[in-house]
Amino acid sequence: MIAITDPRIEEYLMRLAPEEDPYVQEMEQLARERRFPIVDRLVGRLLYLLTRLRQPQLVVELGSGFGYSTWWFARAISITGKVVMTDHDQENIDYARRIFQETGLADRIEFRVGNALTIGRDYDNIDLLFIDVDKQDYRQAAEIMLPRLAKNALIIADNALWYGRVAEGNDDPETRGIAEFNRFMFARRDFFTTILPLRDGVLLSYKYG
């Protein structure tokens, strides 16, 4: 495993970005207790910023967990926009629904339980697509969803560096899945793609036209 960011840098960035919102604190604590993977605050702030800049009408999340990433999208999207939250676990969806009802953001969210790749087929003209499903499914997720994107859409994919294993050439299914997805997106001429070495790597891809 390769350290993507020196822990001292990450600690410094976290000190710069204290978060006093009790719901963010609650979700971060829940993630720690459950050892549940979330994008964490530094990537969350990036999601918020990109959403404010892009101003999407439709955000589709393929893999939302209990709603941590959804929270950053929902805070940033306009009141006329919608975020589609997907997870296979009803308990996660119920938890997220409670959070968003209490914060007054529930009317911006569409809560969907089931397989994210199946649910994603229900949507077209997607302005912002977030991918955080099982890592071996990333390439398939892209192939399914690219035809459903709106003009000038933005793709954001978490775990694009996968603990540095993509650079080490590991051959387990998850690492292969991420590596194939990265190559697939970088090879497309109809997208401009880059990866930010933030936390576990965030792939950003802009659709031309």
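Arg189 is exposed (over 50% relative accessible area, where under 20% is buried and anything in between is partly exposed, with a 1.4 Å probe and protein chains only), its relative accessible area being 80%. Arg189 is found in the loop between helix 9 (173–187) and strand 6 (191–196); helices (H or I, at least four residues) and strands (E, at least two) are DSSP runs, numbered from the N terminus. Between Arg189 and Glu33 there are 156 residues in sequence and 43 Å in space, C-alpha to C-alpha. The model is a predicted one, in which local features need pLDDT of at least 70 and side-chain atom pairs count only at pLDDT 80 or more, while totals for chains, interfaces and linings use all residues. Residues are numbered from 1 along each chain as its sequence is written, and side-chain values use heavy atoms, with hydrogens and water left out.

Helix 4 (residues 68–76) is mostly covered, with 8 of its 9 residues buried. The buried residues are Tyr68, Ser69, Thr70, Trp71, Trp72, Phe73, Ala74 and Ala76. Helix 4 packs with helix 3 (residues 40–54) at an angle of about 30°, the axes being 8 Å apart; axes are lines fitted to C-alpha atoms, for helices over the stretch in contact, and angles run from 0 to 180 degrees between N-to-C directions. Helix 3 is therefore roughly parallel to helix 4, a term for angles under 35 degrees, with over 145 counted as roughly antiparallel, 65 to 115 as roughly perpendicular and the rest as oblique. The crossing of helix 3 and helix 4 is right-handed; a crossing is right-handed if the near helix is turned clockwise from the far one by less than a right angle, and left-handed if anticlockwise. In this contact (heavy atoms within 4.5 Å), helix 3 contributes Asp40, Arg41, Gly44, Arg45, Leu47, Tyr48, Thr51 and Arg52, and helix 4 contributes Tyr68, Ser69, Trp72, Phe73, Arg75 and Ala76. The residues of the contact of helix 3 with helix 4 comprise 6 nonpolar, 3 polar and 5 charged, where Ala, Val, Leu, Ile, Met, Phe, Trp, Tyr, Cys and Pro count as nonpolar, Asp, Glu, Lys and Arg as charged, and the others, Gly among them, as polar.

Helix 4 also meets helix 2, their axes coming within 10 Å and crossing at roughly 160°. Helix 2 is therefore roughly antiparallel to helix 4, and the crossing is left-handed. From helix 2, Tyr23, Val24, Met27 and Glu28 meet Tyr68, Trp71 and Trp72 of helix 4. The contact of helix 2 with helix 4 holds 6 nonpolar residues, no polar ones and 1 charged.

Helix 2 (residues 22–34) and helix 5 (residues 90–103) have axes that come within 11 Å and cross at roughly 160°. Helix 2 is thus roughly antiparallel to helix 5, which it passes in a right-handed crossing. Tyr23, Glu26, Met27, Leu30 and Arg34 of helix 2 make the contact with Glu91, Asn92, Tyr95, Arg98, Ile99, Glu102 and Thr103 of helix 5. By class, the contact of helix 2 with helix 5 divides into 5 nonpolar, 2 polar and 5 charged residues.

Not counting residues up to four places away in sequence, Ile156 touches Leu47, Leu50, Phe73, Leu128, Leu129, Phe130, Ile131, Val202, Leu203 and Leu204.

Leu58 lies in strand 1 (residues 58–62) and is buried, with a relative accessible area of 11%. The C-alpha atoms of Leu58 and Leu128 are separated by 6.6 Å, although the two residues are 70 apart along the chain. With neighbours within four places in sequence left aside, Leu58 is in contact with Lys82, Val84, Tyr123, Asp124, Asn125, Ile126, Asp127 and Leu128.

Asn125 lies in the loop between helix 6 (116–120) and strand 4 (126–131). Phi of Asn125 is near 55°, a positive value in a residue other than glycine, and Asn125 counts as exposed at 56% relative accessibility. Asn152, in strand 5 (residues 149–158), has a positive phi of about 60° although it is not a glycine. Asn152 counts as partly exposed, at 29% relative accessibility.
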